[in-house]
Amino acid sequence: MSNFQPYQQSLIICLALTAVLLPLLAFLINVCLPGKTNKAAGWVSTGAILLSFVSSIIVFAKLWNQPQLHWQFKWFTIGSTNAYAGIWLNNHSVIMMLLVPAIALPVHIYSTAYMKHDERYKRYFTYLSLFCFSMLALVVADSMITFYVFWELVGFSSYLLIGFWFTKDKAVAANKKAFIMNRIGDVGLLVALLIIFIQSGSFDLNQLFGSYGLIAQSQVVNGLWVGAGTTLPVFWQYVACGGVFLAVATKTAQFPLHTWLPDAMEGPTSVSALIHAATMVAAGVFLLGRFYALFTPAELDVLAAIGCFTAFMAATIALTQNDFKRILAYSTISQLGFMVMGMGIGAYASSLFHLVTHAFFKCLLFLVAGIVIHEMQHIKYDNKLDIDPQNILNMGGLRKKLPFTFIAALIGAAALIGLPLTSGFLSKDGILIQSVDWAEHRGFWHMLAPLGAILTTGLTAFYVTRMIVKVFFGEFKLEQFHPDIKFHISDGGWQYKLPLMLLAACSLFPLFSINPFVYEHAWVFSGFSVETGLDRVNIYHTIIPVGVNILSVFVIYGAYAVYVKRNTWSFPQHTFLFRLSYNQWYIDAFYDKVIVGGILSLTRAAAWIDKNVIDGFIHLLTDAIIGLSKFAAWFDYYVIDGASRVATFIVRVTGNFIRYFQSGKIQYYLFSMMAIVLLLFIYLLF
Amino acid sequence: MISLNDFLIVGAALFCIGLYMLLTKRNAIQLLIGIELMLNAAILNLVAFGKYDKINNGGQIFALFAIVLAAATTAVALAIILTVYRKYKTIDPGRINSLKD
């Protein structure tokens, strides 16, 4: 911090705040704009994200590889605990702060064309701005409280966008699923935050996880977790790690909580691009990076195992899917598995580097998918066909009709496979090489990680080739099925082409490294790398990239031969392995049956108990009370009222008898008087 | 010679006749006459016993007072009967029974 003049500091902080708050401003303006399809909304959001991009470039240029900048103010005080809010800018957050608008800007431009005819155009951009704001605020947050708030907000705005077409039942189911699964992670994160707070007595991320922070200094001694604030049993350290891992696993879709991500494809494709590249899933890896100091070596091993397994599983599933976006979704899960594995094996820098490169080429591929699906939808509506516009079995041969999109798709695919000269090559090889290095000294079981990763790379090459070939090569299948359809499809206007061009350029090596073959030279990598003497000490650094790429080339050729020329063997479609992959390892079916079914039967049992036992007891009680009150009514009527009725009866009879004398006739009175006097007289006489 | 007993018997008979009229007659005037008869029975008794007080003649004088008072009472009673007649259009005491509860 000492390298900056005070006025420079405040300037940078202002710029950073501007970058974060501009999308929020756009969100507020869009909320106030009249009309459902107000085209101004698109330009407000795009302008805001453009300005935010410019500001974050400046901030990035000033702060990259510079001492960190941390600014905060006291937010509130509870008891003796002060909670601060502010921004914490170090290498980790400025790269994310640059990445988010860099991805969001092409997506915004693309969306102005892609959503042009949607009847809720304004609402779309409102949500999109909210989404960008939450992610930007998340990456600069300096306190665990604000971090958690924006973490929730990211989940919530993704919920809004996944269910954007809320009239489709599938979209509603998908966004509910995404939201509910993310809640699991949110609870984990909340528990972890509270445990960390109790242990260290601070919410400040910089104090906790900065260099030589409180968490890094806390040690496990004799089964106790010694921290700055309190000493806890080591069990709580495991719980905190588990909570953070749960949060990471839900946001970045790691096994076993990955199933929401493929379903989230129900949202608009531009949203999928944003979710998969920069905003939603990146949050999990970002969280892992921020909380890295919390993990002990054993926990990192677990992380590596889960990441590796997720990468492998998702790649096998992607092999047989026929939905364009679903293939991409599983490839994202697979790549995220690589990143988590990278974190687990200590390849912290490579993992973040892969996050950055992956964001660009995955966004590119999604935008390509969006164009293809858009055009397929046009064909569907123009010819009134009953087809699924996302099914790649209907496509084929589109390279002639969509040449620009085709080239973009090729670049994206090459980067996803990790072919040389692309950014994916640099980052993926970083992870692979480091995983071999890591496993070398650890024994057999640890070797599974690099083996799985390399195998996954091969599978990636295969499914990406299959997807590209099915979509862009061969003959147009739909034309073969329906020979009489008419269609005019094209690459679209500049709003489609410009984002593709930008992202394709960013998917190639020059943006990241001058030397296209050595990942250590990439500036993103060296920005995070803490070790200095990282030379090419062993042969792996040469063998692995070469070997992996030879493998990839063979696999690509094999896939090309299988799917285009059809001159070799074809795959059996009814084996167990095929069905396992096609049904996504039955994980969804398992969840449906075991967890959803279990909860349903539990609730049914609870309903039965409620109805028969608890309600039964209450019914018994009410019956008893009704019986008692009936008896009381009878007693009241016949005994208590009866006594008073007898009394009134006696009084009435007496009264009536006496009334009889009061005839109102004077002569009777006289007669009575005389009779009484006479009686008295007789009585006195005798 | 007429003895005291004879006077007393006549007085008692008069009183009984008056009482009978008072109890049985269906006309207020006749009731009034009954009352007069009873009064006169009392006056007769006063006069008859008056022979034991020859010096002061207390019985005779009291009888005179009683006659005067009876005249006054009769006048008042007649006025009441007139008023009753105006109100009820009858002087049958059996039909004037507003005193009933």
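Start by selecting chain B and colouring its residues by burial: of its 101 residues, 17% count as buried. The model is predicted, so keep the confidence colouring at hand as a second view.

Stay with chain B and switch to a cartoon. The chain has 3 helices and 0 strands, and reading along the sequence gives the pattern α-α-α.

Next, bring chain A back into view and select the contact between the two chains. Chain B contributes 9 residues and chain A contributes 9 residues. On the side of chain B that touches chain A, these residues divide into 4 nonpolar, 3 polar and 2 charged.

Move to the sheet in chain A. Here 3 strands form an open sheet in the order 3-4-5, with antiparallel pairing. Select strand 3 (219-221) and strand 5 (231-233) of chain A: each has a single partner strand and stands at an edge, so one side of each is left without a neighbour in the sheet. From one strand to the next, the twist averages 30 degrees.

Then select strand 4 (residues 224-226) of chain A together with strand 5 of chain A, which pair in the antiparallel sense over 3 bridges. For one residue pair, pick Val226(A); its bridge partner in strand 5 of chain A is Thr231(A). Strands of a sheet pair through backbone hydrogen bonds, either parallel or antiparallel.

For the last stop, centre on His108(A), which is found in helix 3 (residues 91-114) of chain A. Is His108(A) buried or exposed? His108(A) is buried, because 29 other C-beta atoms lie within 10 Å and the cut-off for a buried residue is 20 or more. Display the residues that His108(A) touches, leaving aside those up to four places away in sequence: Ser45(A), Thr46(A), Ile49(A) and Leu128(A).

Finally, draw a distance from the C-alpha of His108(A) to the C-alpha of Gly213(A). These two residues are 38 Å apart in space and 105 residues apart in sequence.

Key
Residues numbered from 1 in each chain as written. Chains lettered and ligands numbered in written order. Predicted model: local features only at pLDDT ≥ 70, side-chain atom pairs only at ≥ 80, totals over all residues. Helix = DSSP H or I, 4+ residues; strand = E, 2+ residues; numbered from the N terminus. Buried ≥ 20, exposed ≤ 12 C-beta atoms within 10 Å, placed from the backbone. Contact = placed C-beta atoms within 7 Å. Nonpolar A, V, L, I, M, F, W, Y, C, P; charged D, E, K, R; others polar. Pairing = 2+ DSSP bridges. Axes fitted to C-alpha atoms, helices over the stretch in contact; angles between N-to-C directions.
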